Amino acid sequence: MEVKLHDIGEGMTEATINAFLVGVGEQVRADQPLVEVQTDKMTAEIPAPANGIIKGFNVKEGDTIRVGETVLIMGSGKASTAAKRASSATAQKTRIMASPFTRKLAREAGIPLEKVRGSGPAGRIMDEDIHSHLQVEPPPQETPVRTEADSIPFRGRRKQIASKMVRSVRTIPHCTHFEEIDVTELLAWKRDVPDVSMGAFFIKALSICLKEFPIFNGRLDEEQECVHLQHAHHIGVAVDTEEGLIVPVIRHVEEKTLKDIQKELKALTNKALNQTLTVKEASGGTFTVSNVGPLGGSIGATPIINEPEVALISFHKTKKRPMVNESDEIVIRSMMNVSMSFDHRVADGGTAVRFTNRLRDFIEKPGILLMEMI
Amino acid sequence: MVEKRDLMVIGGGPGGYHAALRAAQLGKQVTLIEQGEIGGACLNEGCIPSKILTHFASEFRKQGHLQKMGMVMGEASIDLAKLKSFREEKIKGLRAGVEGLLRSRGVEVINGTASFLSENRIGIESGHQFSLFEFKQAIVAIGGKMVYPPGISMESPFVLTEREALTMTEIPEGLIVSGHDYVAIEIAAAYAALGSTVTLLMEGRLPFDQSIEREMKRLLKKQKVSVVTEVTIMSVSDDGGVEVDYESSAGTRQVNGTHLVLCGKSEADLSRAGLDRLPLECEGGKIKVDGEGRTSIPGVWAIGDVTPGPGLAIKAIKEGKVAAGAIAGDKGEVDLEWLPAIVQMDPPVACAGWSEEEAENRGYEVVCSEYPFRANGFAGLKEETDGMIKIVSEKGTSLILGIHMIGSGAVELISAGVLGLEMAARAEDFTFPLYPHPSSNEALMEAVEELTGHAVHLQRRRKKAVQ
């Protein structure tokens, strides 16, 4: 029986083998985790489809394989003595057929030999294999050589993000509108509740706005010609990691307190940074928030919707600015801009403006939020 | 005043001086700091003195054969005082050679004790003088320290370290050698050849393929070395000699001798050279490095016994060259997979690659052959017919996975084996080339031929054709 890499999350096409959790010859039970894999977003375990024995692995730790490729072979019955002898995790052939000179070529080109398919006798890696591998897949430049242009890899998560963004922009007629919000009072309010971050407050306030404007928590079904207005508020939070953007999801925000949201936001952000998110934690969002304020600098953006969602909102840097108050006085206020992109097929500008107006009210007068608490 | 340097190498042992010379060859301005003698423990106290002793013992054993061939000489005797002056002269000569090389490459050599003051500064103490240096790159090559089993008094005149054993002034009558690696075997075999009654107490098993281990034990026994493996020493008492109580699988035993030689283990000493002031990432008490010798601190490199792996000069030398290359912009790699293991007993042991058991554990279906040196004509005429060669290969592909030998010339012969392993050679790659005749080299060729039962000089095949 072949155990293959199956689609364990939305849109995944490939995954890297992190670790084998069983050895060759080992007896396993149905649903026992066999292999840990890392997709561009999360780590997951592939379970055993049935009881049986591990006959052998078709891949090595560190390999990146596509959905549908066979990871290992399982057999039925009990482990034999001979198989047990080779049951340690290291019981896999480790000899790479390549001469030291060929290995040097690979080293200098930054190519791991494990990734090169040998064309020589018995799969021996020849110099030409390194050259042709380089043409197919140029290696990442550790220290970019100053030529006419530097190149960085466009693979893995970056490529995944790219294809998702392209699909989103091609499918959804994006419309973005901007608003400025006075956060002076929210900052004052926060001084009394240091355990709650601005981010958690925004997420809670958004959830209340979504109750009033469920269209932005919807999902367009063109085939059925309807928009499904979802009751659950699963809010995705864009996290900027070294590997690229990841969006862990806080589920059922509508049922959670500010403290719950704060706790979960912190835990998920850490997991995203450590690349330990599970499939569930990084999928199934209904609305996305991007809080770029902490990065500083940005006053506006045209964020791309995390399809199949309908809208996405970005919170930008808070700055002290001179503002004119109702008494026509110039006062110093802490101002923050927000950008909200929405799917113009399902909502109009007016609705979006009303949505952000409501959000603005909560942020400018945090006390109002009390009225909405369950 | 702070003096500025590009590359400072701390330690002039085999790793350090190779790194300094390679970096200088590649155009770097190099400063080498050594607190003792250039050449380090290897040249001055370890490898070279031990090889002089083992070579002397081996040549001494040949006298019977030489007389049998017609060489006329008087009764041979041993003059250890003369051996001592020979050794000192040779070490001095080799050391002068290295110093000359360093000079010719323009390496600045400073005699003093180095100490890191920060991640880019080193202080050097030399007598009453203290100098301060700021470096761009530094290679830590300070070697290791020998650690001996606790509970045994090293003060006794009858208990010696392995280094003291190499420079004894008389042949001990009854020698007990306790150790864990090749050093203990070499000392035991050498003194047995020179006339001592020797008991070798090994901490573990002999670290070789089982066939080689069997043959080693047989030959050591033939040379009157009693070998006991997997031993734990319980107590040592000395009163004009030594009495060692030990435990092994056979139970508790006692052995008496005139001297006990304790062979230590080389461990990294991170309290030296101010290393404990640096936030160096370590593993298992040694400095963690990447494949080129980079530590967790940019600009600080480490090689040799302070880094993980066996405490061998062979490793330090490779690491020194690779680190120096990397500093000069080359891309290198330290890969110890086919590190040969050598024991300079008589006949010597030399192995590279995986044992039969190791290859099986790695998931290979293996085919092995064994070829005795007595089937080799050249070994026969030299009367050096003890020992054998064992080849481990993969069934079906005949990929060579391990070459293990015990026999005259094995140390030289293993180089062909290491090259073959590095080239990922298969049986045909060993049997196709032309071999000098008559020579011991042919034994290697025939050992590989024996994988298919085709060794010409074997009257009785040990194994049938298997492929």
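1. Basis. The model is predicted, so local features need pLDDT of at least 70 and side-chain atom pairs count only at pLDDT 80 or more, while totals for chains, interfaces and linings use all residues. Residues are numbered from 1 along each chain as its sequence is written, chains are lettered from A and ligands numbered from 1 in the order in which they are written, and side-chain values use heavy atoms, with hydrogens and water left out.

2. Main core. The largest nonpolar core holds 71 residues. A nonpolar core here is a set of buried Ala, Val, Leu, Ile, Met, Phe, Trp, Tyr and Cys residues joined through side-chain atoms within 4.5 Å. Buried means under 20% relative accessible area, exposed over 50%, and partly exposed in between (1.4 Å probe, protein chains only). A:Leu34, A:Phe216, A:Phe287, A:Phe315 and A:Ile363 have the most contacts inside this core. Helix H6 (residues 198–212) of chain A gives the largest share, 10 residues. Helices (H or I, at least four residues) and strands (E, at least two) are DSSP runs, numbered from the N terminus.

3. A:Phe216. Neighbours within four places in sequence are left aside here. Among the contacts of A:Phe216 are A:Leu210, A:Phe287, A:Met340, A:Phe342 and A:Phe355. A:Thr286 and A:Thr351 also touch A:Phe216. Contact means heavy atoms within 4.5 Å.

4. Second core. A separate core has 40 residues. B:Leu175, B:Ile187, B:Leu219 and B:Ile406 are included in this second core.

5. Chain B overall. Chain B has 14 helices and 24 strands. Of its 467 residues, 49% are buried. Among contacts with a separation of 6 or more, 61% join residues 24 or more positions apart. The accessible surface of chain B is about 21,600 Å², and 50% of that belongs to carbon and sulfur atoms. Accessible areas come from the Shrake-Rupley method with a 1.4 Å probe; for residues, only the protein chains shown count as cover.

6. Salt bridges in chain A. The whole structure has 41 salt bridges over all chains. Each is a side-chain nitrogen of Lys or Arg within 4 Å of a carboxyl oxygen of Asp or Glu. A:Lys104 and A:Glu108 form one at 3.7 Å, N to O. They are four residues apart in helix H2 (residues 100–109) of chain A, so about one helical turn separates them. A:Lys104 is partly exposed at 36%, and A:Glu108 is partly exposed at 45%. Elsewhere, A:Glu179, A:Arg360 and A:Asp361 are linked in a network of salt bridges.

7. Salt bridges in chain B. B:Lys68 meets B:Glu383 at 2.3 Å, N to O. B:Lys68 lies in helix H4 (residues 63–69) and B:Glu383 in the loop between helix H11 (377–381) and strand E23 (387–394), so the pair ties together parts 315 residues apart in sequence. B:Lys68 is exposed at 62%; B:Glu383 is partly exposed at 39%. B:Lys382 also bridges to B:Glu384 at 3.3 Å, N to O. B:Lys382 is partly exposed at 24%, whereas B:Glu384 is buried at 18%.

8. Open sheet. Five strands of chain B form an open antiparallel sheet, in the order E20-E21-E24-E23-E22. Two strands pair if DSSP finds at least two bridges between them. E20 (341–343) and E22 (366–372) stand at the edges with a single partner strand each, so one side of each has no neighbour in the sheet. Seven bridges join E22(B) to E23(B). B:Glu370 stands opposite B:Lys390 in E23(B).
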